Protein chains: 2
Amino acid sequence: MKYSKELLKGSTSLLVLSVLKGGDLYGYKIIRELERRSQNEFQMSEGTLYPILHALEKEKLLESYWQEFEGRNRKYYHITKKGLKELAEKKEEFEAFSASVNKVLNYV
Amino acid sequence: MKYSKELLKGSTSLLVLSVLKGGDLYGYKIIRELERRSQNEFQMSEGTLYPILHALEKEKLLESYWQEFEGRNRKYYHITKKGLKELAEKKEEFEAFSASVNKVLNYV
DNA sequence: GTATATACATTGTATCACAAGGTATAGTAC
DNA sequence: GTACTATACCTTGTGATACAATGTATATAC
């Protein structure tokens, strides 16, 4: 990631779920999409993403299926109903957290 | 912390520096102040705070001095010029980070 | 006498992002 | 023909760090 990696902690799965809300994607493309949607601010490494995808699938927040395209095998991920619920919760949590930090930062 | 602790990572020293910008305080009181300013959202544990204070002092972002009050010894921390600079940078970083997350979350 | 609040501190654990490494295909440049 | 880049998957080991747990000590309230 471009940012101090510690800042990111706890937000990565939120970002991944958020990207997948827009439609099924495979790992490599998720990284590219995150880059695009954040205007190059988030450059997630593969060593970060793949373990997250596996963990989210294990938790049934994502489902995967293989698909071939021009000689390449891609593993697509699809967000489940449970995943959408989790996304909404995590989003809310992030917003509350962010608001609280701002409260402290801008305290007068 | 009240929040998923992972979300906090990377923000704790920002919060501490921010509280100390308002005036010198000792460890125990910093925790209380953080609570107050965040309206009870941030409940930093002592095991989190004290190592941070020591680290920040080592980095010369904080200076400390002992003061006695009603039989109790308190170690006051004072933010240095370097600390103020670091605070401004970290604040900006947090705001940019937060804006980027929101970009991804609210992408259409 | 014991519980609570105040005040400092350290140790060990769990989590997690990521660098580094590995495999493989396809296209392009030299 | 070979080197590089992009695409695509993956795992292992390391470092950072929040915090629970633990320890010390004083003062006050019940």
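Which elements do the buried residues of helix 3 of chain A pack against? They pack against helix 2, strand 1 (25–26), helix 4 and strand 3 (72–79) of chain A, together with helix 5 (81–105) of chain B.

## Basis of the description

This is a predicted model, in which local features need pLDDT of at least 70 and side-chain atom pairs count only at pLDDT 80 or more, while totals for chains, interfaces and linings use all residues. Residues are numbered from 1 along each chain as its sequence is written, chains are lettered from A and ligands numbered from 1 in the order in which they are written, and side-chain values use heavy atoms, with hydrogens and water left out.

## Chain A overall

Chain A has 5 helices and 3 strands, arranged along the sequence as α-α-β-α-α-β-β-α. Helices (H or I, at least four residues) and strands (E, at least two) are DSSP runs, numbered from the N terminus. The C-alpha atoms of chain A fill a box of roughly 60 × 30 × 20 Å along the principal axes.

Of the 108 residues of chain A, 42% count as buried. Buried means under 20% relative accessible area, exposed over 50%, and partly exposed in between (1.4 Å probe, protein chains only). Among contacts in chain A between residues at least 6 apart in sequence, 46% join residues at least 24 apart; a contact means heavy atoms within 4.5 Å.

## Relation of the two chains

Chain A is superposed on chain B by a rotation of 180 degrees with 0.0 Å of shift along its axis (RMSD 0.0 Å). The two copies are thus related as by a two-fold rotation axis. The superposition is by least squares on the C-alpha atoms of residues with pLDDT of at least 70 in both copies. A:Lys9 is the residue of chain A that comes closest to the rotation axis, at 3.1 Å (C-alpha).

Of the interface residues of chain A, 100% are also interface residues in chain B, so the copies meet through the same surface.

Helix 2 (residues 12–21) of chain A packs with helix 5 (residues 81–105) of chain A at an angle of about 130 degrees, their axes 9 Å apart. That makes helix 2 of chain A oblique to helix 5 of chain A. The axes are lines fitted to C-alpha atoms, for helices over the stretch in contact, and angles run from 0 to 180 degrees between N-to-C directions. Angles under 35 degrees count as roughly parallel, over 145 as roughly antiparallel, 65 to 115 as roughly perpendicular and the rest as oblique. Residues of helix 2 of chain A in this contact include A:Leu14, A:Leu17 and A:Ser18, and those of helix 5 of chain A include A:Leu84, A:Leu87 and A:Phe94. By class, the contact of helix 2 with helix 5 of chain A has 5 nonpolar, 3 polar and 4 charged residues. Ala, Val, Leu, Ile, Met, Phe, Trp, Tyr, Cys and Pro count as nonpolar, Asp, Glu, Lys and Arg as charged, and the others, Gly among them, as polar.

Helix 2 of chain A also packs with helix 3 of chain A, at an angle of about 95 degrees and with axes 10 Å apart. Helix 2 of chain A is therefore roughly perpendicular to helix 3 of chain A. A:Leu15, A:Ser18, A:Val19 and A:Leu20 of helix 2 meet A:Ile30, A:Glu33, A:Leu34 and A:Arg37 of helix 3 in chain A. This contact of helix 2 with helix 3 of chain A has 5 nonpolar, 1 polar and 2 charged residues.

## Buried positions

A:Ser18, in helix 2 of chain A, is buried, with a relative accessible area of 7%. Leaving aside neighbours within four places in sequence, A:Ser18 is in contact with A:Arg37, A:Leu87, B:Val104 and B:Leu105. B:Val101 lies in helix 5 of chain B and is buried, with a relative accessible area of 0%. Not counting residues up to four places away in sequence, B:Val101 touches A:Leu14, A:Leu15, A:Phe42 and A:Phe94.

The buried residues of helix 3 (residues 27–37) of chain A are A:Gly27, A:Ile30, A:Ile31, A:Glu33, A:Leu34, A:Glu35 and A:Arg37. In chain B, what covers the buried residues of helix 3 includes helix 5 of chain A.

## Positive phi values

Most residues other than glycine have a negative phi. A:Lys60, in the loop between helix 4 (46–58) and strand 2 (62–69) of chain A, has a positive phi near 65 degrees and is exposed, with a relative accessible area of 58%. Just after helix 3 of chain A, A:Gln39 takes a positive phi of about 55 degrees, and just after helix 3 of chain B, B:Gln39 takes one of about 50 degrees.
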